[in-house]
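Please read this briefing alongside the sequence and the model, taking one topic at a time.

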Amino acid sequence: MSDEEDLEDFELDQDDLEREDDEKETEEGEDERKEEEALSEEWMPTPLTEDMMKEGLSLLCKTGNGLAHAYAKLEVKERDLTDISLLRSYIHLRYVDVSENHLTDLSPLNHLTHLLWLKADGNRLRSARLNELPYLQIASFAYNQITDTEGISHPHLGILNLKGNNINMVTGLDPQKLMSLHTLELRGNQLESTLGINLPKLKNLFLAQNLLKKVEGLENLSNLTTLHLRDNQIETLSGFSKEMKSLQYLNVRGNMITNLRELAKLRDLPKLRALVLLDNPCTDENDYRQEALVQMPQLERLDKEFFEEEDRAEANEMRQRMKEEQEAEPEHYEELEQPQM
């Protein structure tokens, strides 16, 4: 099996990333509870041992020179580990899963220069900082205690998962270094701004369950196709531009958008096909589906329902009527201004 084929088996589940379309996630509360329990306990030092390595190693592959073989995959989940220093000598590892332990330091991984895939979810990490790993493609640090996005500069990194941490500002994500990053997962953090996500190659951006009040700094994401902003505090749909020419799916469910006129600010998104507006105050208005289609004729689906042909016909009539009224207004004012003889 090639590295590429094997890597596909470890790729983050996109269905899980998009599950928020249909249901509100409840796992955050459980993870917070576990984190509080973890902080209240004093863990006994538990280093990674050779015996654990023997149990967790698999996937025998050829080494770089093709003359020898070494195990390429390691899984040591839920071992109460506090120290993985032993990994410094396992330089041929390509796939490492150290999830659900008590790790605060991943620096031994700096020696694994062949690493393709890393999963370190559910530990006690305060940073995702590592030396540049030249082949790393997928990295997941979900449900830790990470407070920033500094020190992430892997040139082949395609998917970065920082869900469920304590990040309030995105900094240090250099587009010149993160040239391959196409999916960024930041759900369930403390983000107050979307500034700092200037990554032109980005295709999928997940920012649900944060503290965002508006969208800003994303105007140049010309390759972005999916944007999740569910369960924030967004009141306006400003911040979108014609440069976001690839955006097809926008989820703003569970925000604070009160005025349907805000939808007019999405007209400049030529490929927008699916919009999720549920649980915003503006959806209480009876004609909100029709108004959305009037404002955005290219829209195919609003919330969970596709538009029918009759919906489009009615929206077209309304759009034409509005246009005629606007064109007639100058003539009306001109008549009013005629001097009385």
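Rings of Phe, Tyr and Trp (its six-membered ring) pair if their centres lie within 6.5 Å, with planes under 30 degrees apart counted as stacked, over 60 as edge-to-face and the rest as tilted. By this rule, the count comes to 0 aromatic pairs. This is a predicted model, in which local features need pLDDT of at least 70 and side-chain atom pairs count only at pLDDT 80 or more, while totals for chains, interfaces and linings use all residues. Residues are numbered from 1 along each chain as its sequence is written, and side-chain values use heavy atoms, with hydrogens and water left out.

**Charges over rings**
- A charge sits over a ring if NZ of Lys or CZ of Arg is within 6 Å of the ring centre and within 35 degrees of the ring normal.
- R289 lies over the face of F307 at 4.6 Å from the ring centre, and R301 lies over the face of F306 at 6.0 Å.

- N101 is in the loop between β3 (95–97) and β4 (117–119), where strands (E, at least two residues) are DSSP runs numbered from the N terminus.
- N101 is buried, with a relative accessible area of 3% (buried means under 20%, exposed over 50% and partly exposed in between, with a 1.4 Å probe and protein chains only).
- The side chain of N101 reaches the backbone oxygen of V76 at 3.0 Å and that of V98 at 2.9 Å.

**Positive phi**
- L59, in strand β1 (residues 57–62), has a phi near 60 degrees and is partly exposed at 27% relative accessibility.
- E100, in the loop between β3 and β4, has a positive phi of about 55 degrees although it is not a glycine.

Notes
Helices (H or I, at least four residues) and strands (E, at least two) are DSSP runs, numbered from the N terminus. A polar contact is a pair of N or O atoms within 3.5 Å; within protein, one must be able to donate a hydrogen and the other to accept it, and residues adjacent in sequence count only if both atoms are side-chain atoms.
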